[in-house]
Amino acid sequence: MATIDRVEVLVTSPGRNFVTLRITTSDGVTGLGDATLNGRELAVASYLRDHVAPLLAGRDPARVEDTWQYLYKGAYWRRGPVTMTAIAAVDVALWDIKGKVAGLPVYQLLGGRSRDGVLVYCHASGVDVAALVDDVAAYREKGFKAIRAQAAVPGVSGTYGIRKGAYYEPAATALPEEQLWSTEAYLDFAPAYLAKVREKFGFGLHLLHDVHHRLTPIEAARFGKSVEELRLFWMEDPTPAENQEAFRLIRQHTTTPIATGEVLNSIWDVKQLITEQLIDYVRTTTVHAGGITHLRRIFDLAALYQVRTGSHGASDLSPVTVAAAVAVDISQPNFGIQEHMGHTIETYEVFRGTPQVTDGLLHPSEEPGLGIEYDDEVAARFPYQPRYLPVARNLDGSVHDW
Ligand code: GCO
Ligand code: MG
């Protein structure tokens, strides 16, 4: 029997920080898992290096489920982003190994294709409405069928999601940047610019919007009602996600579909949202919700309640997560949509084989495992850099949800 021989925690920053776990078996087979937690990267690196790697040595790499249970139940302390990201990294690396040993891409191990390709949505944004409309047009030209739209709220420096250069990278400063936020200004402005996008492009486009946890439930209800005629694909994170019950009030007021879950890490964190049908799309991911093993458990629960999947796919999730996400998405019956922001060219040089979008769809690699190779030499050119997400403050100086 092959055993787990080597466990390495790799940190690189080709445009942004990524933490990657590489497991090597006694037969020389390697597997990769993403362990990136934006702004708290080294906490997961330490969890893996100091507390997980010593437990993995000598174990059977084929025992994916048992290793998951061992790390989850065996820690005694459960859930939370750091723990679940660390467990995810091990889980995904073991699925990658299992695929390579079997000579099959991971999606084949998950039951094979349920669909021809994975529908993705990209991010259009603008410093004003005209710039947003131009950006949407440019993404349409590239073949995207689903587009998220965000415009800078006039006078509000802390508007979430506005790209300045070629890439949107909110974790851009060595210490958190403080930005101003005004809910009143946002609520007046956002429905109007979303209406402009609809007016310009019609209904033959899936239009999405991310509220980014900024509203109270009653404000979110008002927002959802005010955009109902625009038939959004979804409004994302209308209110902070911790309080699952809060979504009931939003639900009772509007037919605008609701997506949430990118910051949630386990089936327990989404149980009420799903079983009480308070949301339409669950946004948990392989990297922050315990790997392929646990994410499928969440998605299968969601299927029972007609909740579809819509996994987070921002640039702070590494290409290993893109590959793992596509493997799950292509096979999962209740798949809805996959977020895809893309990565810098340098990132693609570190993570060779990352799936690319063609005609608005992602396709899984046909290579055994996940199909990603980590280039140590290129990675070494980009050492870790402390980077933090911004912090939002209301106009009176108090801290708001970013
Ligand atoms: C999204 C997200 C991201 C997050 C980021 C935080 O919908 O893509 O909200 O942009 O802000 O992943 O690390
Ligand atoms: Mg989001």
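Modeller: Leaving aside its neighbours within four places in sequence, Ile97 is in contact with Ile23, Thr25, Val29, Thr30, Gly31 and Pro61, where contact means heavy atoms within 4.5 Å. This is a predicted model, in which local features need pLDDT of at least 70 and side-chain atom pairs count only at pLDDT 80 or more, while totals for chains, interfaces and linings use all residues. Residues are numbered from 1 along each chain as its sequence is written, chains are lettered from A and ligands numbered from 1 in the order in which they are written, and side-chain values use heavy atoms, with hydrogens and water left out.

Biologist: Why is Ile97 called buried?

Modeller: Buried means under 20% relative accessible area, exposed over 50%, and partly exposed in between, with a 1.4 Å probe and protein chains only. Ile97 has a relative accessible area of 2%, so it is buried. Its place is in helix H3 (residues 81–102), where helices (H or I, at least four residues) and strands (E, at least two) are DSSP runs, numbered from the N terminus.

Biologist: What makes S2 largely enclosed by the rest of the structure?

Modeller: In S2, 8 of the 8 residues are buried, so the strand is largely enclosed. Phe18, Thr20, Arg22 and Thr24 point one way from S2, whereas Val19, Leu21, Ile23 and Thr25 point the other way, and all are buried.

Biologist: How do you know that strand S2 (residues 18–25) and S3 pair?

Modeller: Two strands pair if DSSP finds at least two bridges between them, and S2 and S3 have 5 bridges in the antiparallel sense. Thr24, for example, has Thr30 in S3 as its bridge partner, and Thr20 has Asp34 in S3. In the hairpin of these two strands, which has 4 residues between them, Gly28 takes a positive phi near 85°. Strand S1 (residues 4–12) also pairs with S2 in the antiparallel sense, over 8 bridges.

Biologist: Which residues of helix H2 (residues 64–74) are buried, and why do they line one face of the helix?

Modeller: Val64, Thr67, Trp68, Leu71 and Tyr72 are buried in H2. Seen down the axis of H2, these buried residues fall within an arc of 120°, so they line one face; the arc is that of the directions from the helix axis to the C-beta atoms. An α-helix has 3.6 residues a turn, so residues three or four places apart point the same way. On the other side of H2, Lys73 and Gly74 are exposed.
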